[in-house]
Amino acid sequence: MCGIIGCVGREDETLDVLVHGLSKLEYRGYDSAGVALSGERVDVCKKSGKIEDLRAALESRTLGGAAGIGHTRWSTHGPPTDENAHPHLDCSGDVAVVHNGIIENYQELRDELATAGHTFKSDTDTEVVPHLVEDALADGLDNEAAVRRAIARLEGSYAVAVVVSGDDTIYAARNDSPLVLGIDDDAYYLASDVPAFRDFTDRVIYLADGEFATLSADGWRVSDVDGNEVDKDVDTVDWDPEETGKSGYDHFMLKEIHEQPRAIRQCLRGRVDELSGEVDISDLGDLSPTGVQFVACGTSYHAALYGAQLLRDAGIPAQTFLASEYATAPPPIGDALVVGVTQSGETADTLSALREARKRGARTMAVTNTVGSTAARECDHALYIRAGPEIGVAASKTFASQLAALNLFSLGTTRIDGAREIIGALRDLPSNIQAILDDSNAESVAETYVDSGAYFFIGRGHQYPVALEGALKMKEITYKHAEGFAAGELKHGPLALVTEDTPVFAVVTGDGEMARKTIGNVKEVEARDAPVVAVTDGQSDVERYADEVLEVPETHPQAAAVLANVQLQLVSYYVADKLGRSIDKPRNLAKSVTVE
């Protein structure tokens, strides 16, 4: 959840680098922020609120030090206050710590430390760490050994970075929370995610669970829990730092909605051959699934529902499970391939589900956007969606790229009638999405219904996950009540909530049986005076029963779901914008959910 940044080797620029890095990580949490610089002493400045509040607080402060760490918080233990903001200090003020994750045994450690005379100033679990380091230093251990001993006491998930007064070194460790190093010619960085330091270097090292890193102006070292040096590969990030800017758009989300044509081109590039009607994902190895179980959360869960439908269409038994439920009560797996869909590759619930599946002997695959992520490293196979960096908390282009990648997975592992037609439709997705972006009347629809009390979204088949995702987007960024339903379920209870103040967005594409049945559901809500917004390709007569129409180009049903989603994203965006919401940083949410 939270974002960590660290820097050594930038001399007088350390503070500027930290604040810049925090601004790039604010999508991971924005309840509070702080920095600590280590030189002859440890200087700390932290503030509840957003990065702008920290910047304002720093204007009246002079902080110096060759090594520095910073943190932007998504609250877990304790409300977002100045006291609960990171970094946290020991009693002497000589040890500063930032942390992402959950320390499960913190209460036991806190009680022990309090009994020994330590004083705590916050409600957080993190604050036990600097006090543990302080105890170890008092026992005569050197700085690295003291940090190692403190880390060894922790149970749970953590990415931890520590600085100590009089020492120009950053000590860091990870377990079930992401941490990546940035390597430059004369400076070194660490962060929860690459965008924090991408403006300075494109060379990265992904830490694995149980690894310990030291960074100083003289170099870097990674070792295991026993202190043995680990030989790490230095990877190169293949995206430009400008991709994490707004490029003139008012919000990252709108920019990323408009980036969907390029994201899908990147996903498909080198993987489809329209002439032969084949998909090549042979780099994944021989999958040949006889059954598939998807595990995912949030938006990725909706993508997984869509992926399961694709496989069932191809005759492969496929189910989708909420990862948080699967991890604690997994179904019989048999010889199913277990596929974790996770944009970040660090989603804690999804990782737990995948680990449970592996423990039971299952093969696993990650569908993820992040090379070097935990899911990609731990699974037997990894299918990258190649969407590029996404900064807006509410997923947009990553969802579209997940749908495209799951089409590749289905086409590349099964025999599907009409595969050539599907591949052609996938190829046309970028231009069809661009046509929607150029001509959409979503802003006008948003203006009409911005004051509605609630919003319903309905669809069938491939469009059902799109209805769920449309509702989730509306909830996330407008804070309005919204629900998505399989269209046929409206009459089994939810219809009681339908009024003239609850617009129903009906996704109706094609003119087959599903379209006709969904039109029947549209008539049901129309009879209750609910306004209807039809998302349609014009092949059916749903427009006759709709108050507003959002058009999508005619295409294959599988690709139509991707197009319908774009229109619903735009509606949610414009409703949120007209309501003045914090679109890129919706309240209570963070981009990467790395705690269970």
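Trainee: How do the residues of the lining of the largest pocket divide into nonpolar, polar and charged?

Mentor: In this predicted model, the lining comprises 16 nonpolar, 11 polar and 12 charged residues.

Trainee: How is such a space found, and what is the volume of the largest pocket?

Mentor: Rolling a probe the size of a water molecule over the atoms shows where empty space is left. Here the largest pocket has a volume of about 800 Å³.

Trainee: Which residues lie nearest its centre, and which strands each supply at least two residues of the lining?

Mentor: Of the 39 lining residues, Y206, W239, N369, T370 and V371 lie nearest the centre of the largest pocket. Strands β11 (203-206) and β14 (235-236) each contribute at least two residues to the lining.

Trainee: Let us turn to the sheet. What is the order of the strands in the open sheet of 5 strands?

Mentor: In general, strands of a sheet pair through backbone hydrogen bonds, either parallel or antiparallel. The open sheet here runs β18-β17-β19-β20-β21, and its pairing is parallel. Because β18 (318-322) and β21 (381-384) stand at the edges with a single partner strand each, one side of each has no neighbour in the sheet. From one strand to the next, the twist averages 20°.

Trainee: Over how many bridges do β17 and β19 pair, and which helix packs on the sheet?

Mentor: Strand β17 (residues 292-296) pairs with strand β19 (residues 337-341) over 5 bridges, in the parallel sense. A296 has V341 in β19 as its bridge partner. Helix α10 (residues 348-359) packs on the sheet and touches β17, β19 and β20 (363-368). The direction of α10 makes about 170° with that of β19.

Conventions. Residues are numbered from 1 along each chain as its sequence is written. This is a predicted model: local features need pLDDT of at least 70, side-chain atom pairs count only at pLDDT 80 or more; totals for chains, interfaces and linings use all residues. Side-chain values use heavy atoms; hydrogens and water are left out. On a 1 Å grid over the protein atoms alone, a cavity is a set of points where a 1.4 Å probe fits but cannot get out, and a pocket is an open set with protein on both sides within 12 Å along at least five of seven lines; lining residues have an atom within 4 Å of a point. Grid points are joined across faces, edges and corners, and a volume is the space filled by probe spheres set on the points. Helices (H or I, at least four residues) and strands (E, at least two) are DSSP runs, numbered from the N terminus. Ala, Val, Leu, Ile, Met, Phe, Trp, Tyr, Cys and Pro count as nonpolar, Asp, Glu, Lys and Arg as charged, and the others, Gly among them, as polar. Two strands pair if DSSP finds at least two bridges between them. Axes are lines fitted to C-alpha atoms, for helices over the stretch in contact, and angles run from 0 to 180 degrees between N-to-C directions. Contact means heavy atoms within 4.5 Å.
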